[in-house]
Amino acid sequence: MNVQLIKMQTGEDVVAELIRIEGRDSVVIRNPIVMVPQAGGQVGFGPWSPFLADDVDELSVSRSHVVYISDAKEAVVENYKQIFSPIITPGGSGKIIT
């Protein structure tokens, strides 16, 4: 899972799985979420595009809207993986680890 921080021209910090970069035209991502600053210096996560259909697996984003793509802090990556991993880790939701 190649989790990256994508800074958008709108100022949003999007965390997503980077699938591929298609030349100079677009980047293809999966499971994008946006980081939302909260009180006390904390950061929360929310859906980047909450009205996408549930069955959308990959999303192509024009590179003209991207300021940069970079590695995210390890804590951000770990939180992302906990949200989207099919494997439930101890302390998670109490489901069986598969």
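The following legends describe close-up views of a predicted model.

**View 1. The chain is built from 1 helix and 6 strands.** From the N terminus, the order of elements is β-β-β-β-β-β-α. The chain has 98 residues, and 30% of them count as buried. Among contacts with a separation of 6 or more, 49% are between residues 24 or more positions apart.

**View 2. Side chains alternate along strand S5, residues 59-62.** Leu59 and Val61 point to one face and are buried.

**View 3. Strand S5 pairs with strand S3, residues 26-37.** The pairing is antiparallel and runs over 4 bridges. Ser62 in S5 has Ser26 standing opposite.

**View 4. Arg30 forms salt bridges with Glu17 and with Glu58.** In the pair with Glu17, the closest N and O atoms are 3.6 Å apart. This pair joins strand S3, which holds Arg30, to strand S2 (residues 13-22), which holds Glu17, across 13 residues. Glu17 is buried, at a relative accessible area of 14%. In the pair with Glu58, the N to O distance is 3.3 Å. Here Arg30 in strand S3 is linked to a residue 28 positions away, in the loop between strand S4 (43-47) and S5. Glu58 is partly exposed, at 33% relative accessible area.

**View 5. A network of salt bridges links Glu17, Arg20, Glu22, Arg30, Asp57 and Glu58.** The structure holds 6 salt bridges.

How values were computed:
Residues are numbered from 1 along each chain as its sequence is written. This is a predicted model: local features need pLDDT of at least 70, side-chain atom pairs count only at pLDDT 80 or more; totals for chains, interfaces and linings use all residues. Side-chain values use heavy atoms; hydrogens and water are left out. Helices (H or I, at least four residues) and strands (E, at least two) are DSSP runs, numbered from the N terminus. Buried means under 20% relative accessible area, exposed over 50%, partly exposed in between (1.4 Å probe, protein chains only). Contact means heavy atoms within 4.5 Å. Two strands pair if DSSP finds at least two bridges between them. A salt bridge is a side-chain nitrogen of Lys or Arg within 4 Å of a carboxyl oxygen of Asp or Glu.
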